[in-house]
Amino acid sequence: MRLILLGPPGAGKGTQAARVSAANGVPAISTGDIFRANIKNETALGRQVKEITASGGYVPDEITNAIVRDRLAEQDAAHGFLLDGYPRTTGQVEALDAMLAEAGHSLDAVVELTVDTDEVVQRLLARAQDQGRADDTEEVVRERMRIYAEETAPLAAVYRERGLLSQVDGMGTVEEVTGRLEAALARTTG
Ligand code: ADP
C-alpha cells in the first residue's frame, strides 16, 4: 500500500498515520518527524532547517525531496509506505512522481483529513503546552495554517483529478477517525 495522508497542521495526521501504518504493515514516514529528530540530534540537516521550522515556513523542496528519496530507498519502504506531511508543494508532488516512476511504483490512495480550522488551532495550542514544540505558538500556528492554505491545500485538487483522493472527516475521537480512514482505504484500495 502506497498512501499519502493530507491535512492541515493539527488535523491528527501523525496519530492516524501511526495507527493506519501499524494496521497495514507499512512504515509511516513523517518529514516533520525526520526534521525534528535532526534538530534534536544537532545534525547538519538539523541546523539547516531549525529556524525555518520554528517560524512555520516550509523547508526548501530540494532538501525535503532528497530526504524523502533517501527514506523511500530504505528496505522497509520497498513494499509500501504511508507519507505524513509530504508532499506539501506542487514541486514535491512532481519529485514524488519521479521517485515512484523510477521504481516502477504508483500511489494507491491520497486521503485528506478535513477539520474545522478554529478547532485545529485550539488543538495545536493545547499540544504546545503538552509537548513544548517550538512551532506551536499561536503566531506560528497561524502562519503554518496560512502557508498550508496557500501551498498545500491545492494538492487535493491535483490528486482528485487523478482519481486518487478520498476525503475523511477528521473531527471526533481518534478511534472514530481511524474507523473512517480504514473504511475509505477499503473502498479505494480494495
Ligand atoms: P504539522 O503539525 O504542521 O503537520 P509537521 O510535523 O508535519 O507539522 O512538520 C513540522 C514542520 O516541518 C513544518 O512546519 C515545516 O517547517 C517542516 N516540514 C515538514 N514536512 C515538510 C515538507 N514536506 N515540506 C517542507 N517543509 C516541511
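Modeller: Let us begin with Arg 71, which is buried, with a relative accessible area of 15%; bear in mind throughout that this is a predicted model.

Biologist: Why is Arg 71 called buried?

Modeller: Buried means under 20% relative accessible area, and the value for Arg 71 is 15%, so the residue falls in that class. Arg 71 lies in helix H4, residues 61-72, and, leaving aside its neighbours within four places in sequence, Arg 71 is in contact with Pro 27, Ile 29, Ile 34, Asp 76 and Ala 77.

Biologist: What makes the pairing of Glu 74 with Arg 71 a salt bridge?

Modeller: The term requires a side-chain nitrogen of Lys or Arg within 4 Å of a carboxyl oxygen of Asp or Glu, and since the closest N and O atoms of Glu 74 and Arg 71 are 3.6 Å apart, the pair qualifies. Glu 74 counts as partly exposed at 41% relative accessibility, whereas Arg 71 is buried. Salt bridges that share partners also join Arg 71, Glu 74 and Asp 76 into one network.

Biologist: Which parts does the salt bridge of Arg 69 and Glu 102 tie together?

Modeller: The side chains of Arg 69 and Glu 102 meet at 3.1 Å, N to O. Arg 69 lies in helix H4 and Glu 102 in helix H5 (residues 90-103), so the bridge ties together parts that are 33 residues apart in sequence.

Biologist: How far apart along helix H2 are Asp 33 and Arg 36?

Modeller: Asp 33 and Arg 36 are three residues apart in H2, and therefore separated by about one helical turn; their side chains meet in a salt bridge of 2.8 Å, N to O. Asp 33 is partly exposed at 44%, and Arg 36 is likewise partly exposed, at 32%.

Biologist: Why are H2 and H3 called roughly perpendicular?

Modeller: The axes of H2 (residues 31-40) and H3 (residues 44-55) come within 8 Å and cross at roughly 115 degrees, and because angles of 65 to 115 degrees count as roughly perpendicular, the term applies to this pair. The contact is made by Phe 35, Asn 38 and Ile 39 of H2 and by Leu 45, Gly 46, Val 49, Lys 50 and Thr 53 of H3; these residues divide into four nonpolar, three polar and one charged.

Conventions:
Residues are numbered from 1 along each chain as its sequence is written. This is a predicted model: local features need pLDDT of at least 70, side-chain atom pairs count only at pLDDT 80 or more; totals for chains, interfaces and linings use all residues. Side-chain values use heavy atoms; hydrogens and water are left out. Axes are lines fitted to C-alpha atoms, for helices over the stretch in contact, and angles run from 0 to 180 degrees between N-to-C directions. Helices (H or I, at least four residues) and strands (E, at least two) are DSSP runs, numbered from the N terminus. Angles under 35 degrees count as roughly parallel, over 145 as roughly antiparallel, 65 to 115 as roughly perpendicular and the rest as oblique. Contact means heavy atoms within 4.5 Å. Ala, Val, Leu, Ile, Met, Phe, Trp, Tyr, Cys and Pro count as nonpolar, Asp, Glu, Lys and Arg as charged, and the others, Gly among them, as polar. Buried means under 20% relative accessible area, exposed over 50%, partly exposed in between (1.4 Å probe, protein chains only).
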